[in-house]
Amino acid sequence: MTTRRRSALVAAVASAAALAGAGVLPALPASAAAGCRVDYQVTNQWQGGFGAAVTITNLGDAIAGWTLTWSYTAGQTVTQAWNATVTQSGAQVSAKDAGYNASIPTGGTASFGFNGSWNDSSNPVPASFALNGTTCTGGVTSSPTASPSASPSASPSASPSASPAQSPSASPTPSPTPSPSASPTSIPAGARQMEDLNRGLISVRSGSGNLVSWRLLGTESIGTGFNVYRGSTKLNSSPITDSTNYFDSGAAADATYTVRAVVNGAEQAASETSLRFTGGDHLDVPIQPPSGGTTPDGVAYTYSANDASVGDLDGDGQYEIVLKWDPSNAKDNSQSGYTGNVFVDAYKLNGTRMWRIDLGRNIRAGAHYTQFQVYDYDGDGKAEVALKTADGTKDGTGKVIGSSSADYRNSSGYVLSGPEYLTMFNGQTGAAMSTVNYDPPRGTVSSWGDSYGNRVDRFLAATAYLDGTRPSLIMSRGYYTRTVIAAWDFRNGTLTKRWTFDSNSAGSQYTGQGNHNLAVADVDADGKDEIVFGAMAINDNGSALWNTRNGHGDALHVGDLDPSHAGLEVFKVDEDTSKPAAWMADARTGSIIWSNASCGCDNGRGVSDDIWSGSPGAESWSSAVSGVYNTRGQNVGRKPGSANFLAWWDADPVRELLDGTHIDKYGTSGDTRLLTASGVHSNNGTKSTPSLSADLFGDWREEVVWPTSDNTALRIYSTTTAASRQIYTLMHDPVYRAAVAWQNTAYNQPPHTGFFLGDGMATPARPNIYLR
């Protein structure tokens, strides 16, 4: 069941007059055209509180500072705001730009949001707005060329570097939804395409009962009520509104469940039947190891299940698993030698193998060679799979790409010649749908930093909403010296390049800044994603956004790590002995907030998130620096026992430590073991990462996927602890969902949310998404 957001569309006309008491604003010439549109959306609503998002679209001449005013008629009060300074006197509300978003070009937008209180009886949208002192009337004044019919789908980007071609006008119906009863085919302005997931209802054995857990969708309101049924018996006396789980004490382990949302007092249709975790606290998904082989120099090898990702490959609302198989002779790029072929499989949760792709002898095996993306790029409701391919790659239907007989391996096992491709595969069948030349080509091997094949084949991959509404594929090559990043769209069955960033043309200052990983988020709040590429960030249009020049590193974290600081933050560790050992920066500008002095070493591990309620916001720590640091860079205590992955696991919103095959709770005097997984192995050598960690089922807590020791199953663990907190599924948070997609890239990193999820957190705003 999907609940559409409540919104109002209000047209506005602005003049250059300054609002009294709001400060002096730059004056416009007397003949300047002025006009704007205001989109005010109540994004979520709960008892006593609500969240709202406001977007101003400038239809007139550019302005260099703004104040938006309105009046409430039902006693609403603004309690917290972001991306604007909001003040209120009685019913009168004034929102002033935050400085960095003061300039709005013609056709551009500025957005801000806030939380407020209401009387639980009436929460009407404001009847009118005024921008810089002039009442909104819906027209454009003074200039005959600035028609009030200017494109209502103007780009949400206020960034002067935004590409004019990247407008959300590609969206079928970009106007905001007028009411919760709007047609599900209507798409709110600036909304992002997301998966149309089912409830993800699971039953996990916990003691003598079952923990039943389900999703709150990103299109629903926090506070939505639910009824839980075992068979035909309703278990709760009144709708559950404070969580999305229920402990059924004394129930049989094999009991089956459904849940029903309750909206405006009416019970909705039943969910799918619960998925039972037959192992008690885990579910085994059978998998099929490929047969081993022998290299040309006579070395035998076998296969182990490696990294995994998820996507709704068949459009049924349930995730399928895409799994990479690595041979036992997989190599780091610095190591010579032949490797076995890399295989990529797709599995349903019952173990049915949907297809197998054989990347062939001309794709070398190792952490830096094959990065795969699983996402619905064409918006048909079914995810595709993107992979770098070569002559001899065999798709899921058995069709060979290029030459089946070509063998470009040299005597050291490297592949340094021959064609390179990028292929988009059908998620249901594994069939190759579109194959293009990989960008950039390797060219001269030595131009990437060495002549034997180490640095030339350093690949990264991600998914980003570069136009603000639909996902694009990101593929890159190189980060030690030259860096090239290419963005691709997959529409109507064809891969089309959107842009290419190349440090050779952008400038030498952009060489050597990349990590063994990357992150994606809308760091400048223009509605479109940027790529945080190690020590620098690339804008949505492929231009450089910022560059700290701190160079290469192994670990990177991007999210709302400091809720007291506007926007998102970046935490990174460095390899260069002349640079800070670790640092935190403003993700919008790259300005360093705090840093640790150089350790004179390669600081190889680092983590940042809220793991301790003793200090506000995230704690950050790294391998080579003693202690754990708060959001101001102050050492506040004992360093955790691991610096690897993270997982939201127990009942509170503070995150836990995930390392190897166990989960621990941080404490000031020591870590407490919460889970030791049985009969499984971690991946990627000393990195000791799981195949996948993500919010795959149930409520907002995360599952962890490890291969069994014999590589015949993927064992999925889920928490057995009930929680009294309702948060929409993290897979409908755009920052988190993109992070799950890139998690398998090179040196895997844990996903983060685009809102602060931790101790003392505010109620997260409902994401601006639509479902496909």
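Me: How many helices and strands does the protein chain have?

Reply: The protein chain has two helices and 54 strands. Helices (H or I, at least four residues) and strands (E, at least two) are DSSP runs, numbered from the N terminus. The model is a predicted one, in which local features need pLDDT of at least 70 and side-chain atom pairs count only at pLDDT 80 or more, while totals for chains, interfaces and linings use all residues. Residues are numbered from 1 along each chain as its sequence is written, and side-chain values use heavy atoms, with hydrogens and water left out.

Me: What percentage of the residues count as buried?

Reply: Of the 772 residues in the protein chain, 61% count as buried. Buried means under 20% relative accessible area, exposed means over 50%, and partly exposed lies in between (1.4 Å probe, protein chains only).

Me: Let us turn to helix 2. Which of its residues are buried?

Reply: They are P734, V735, Y736, R737, A738, A739, V740, A741 and W742. Helix 2 spans residues 734-742 and is mostly covered, with nine of its nine residues buried.

Me: How many bridges join strand 17 to strand 18?

Reply: Three bridges join strand 17, residues 257-263, to strand 18.

Me: Is strand 23 enclosed or open, and why?

Reply: Strand 23 (residues 303-311) is largely enclosed by the rest of the structure, because eight of its nine residues are buried. Strand 23 pairs with strand 24 (residues 320-327) over seven bridges in the antiparallel sense. Within this pair, Y303 has P327 in strand 24 as its bridge partner.

Me: Switching to a loop: where does T224 lie?

Reply: T224 lies in the loop between strand 13 (209-213) and strand 14 (225-230). With a relative accessible area of 10%, T224 is buried.

Me: What does T224 touch?

Reply: Not counting residues up to four places away in sequence, T224 touches L216, I240, T241, A261, V262 and Q726. Contact here means heavy atoms within 4.5 Å.

Me: Which cysteines form a disulfide?

Reply: C599 and C601 do, with their sulfur atoms 2.2 Å apart. A disulfide is counted for a pair of cysteine sulfur atoms within 2.5 Å, and by this rule the count comes to one. The link of C599 and C601 is left-handed, with -100° about the S-S bond.

Me: Why do those two count as partly exposed?

Reply: C599 counts as partly exposed because its relative accessibility is 28%. For C601 the value is 24%, so C601 counts as partly exposed.

Me: How many salt bridges does the structure hold?

Reply: The structure holds 31 salt bridges. Each is a side-chain nitrogen of Lys or Arg within 4 Å of a carboxyl oxygen of Asp or Glu. In one of them, the side chains of K388 and E420 meet at 3.1 Å, N to O. K388 lies in strand 28 (residues 384-390) and E420 in strand 29 (residues 420-426), so the pair ties together parts that are 32 residues apart in sequence.

Me: Are K388 and E420 buried or exposed?

Reply: K388 is buried, and E420 is buried too.

Me: What about R655; which residue does R655 form a salt bridge with?

Reply: R655 forms one with D609, the closest N and O atoms being 2.8 Å apart. R655 counts as buried at 0% relative accessibility, and D609 counts as buried at 5%.

Key. Pairing = 2+ DSSP bridges.
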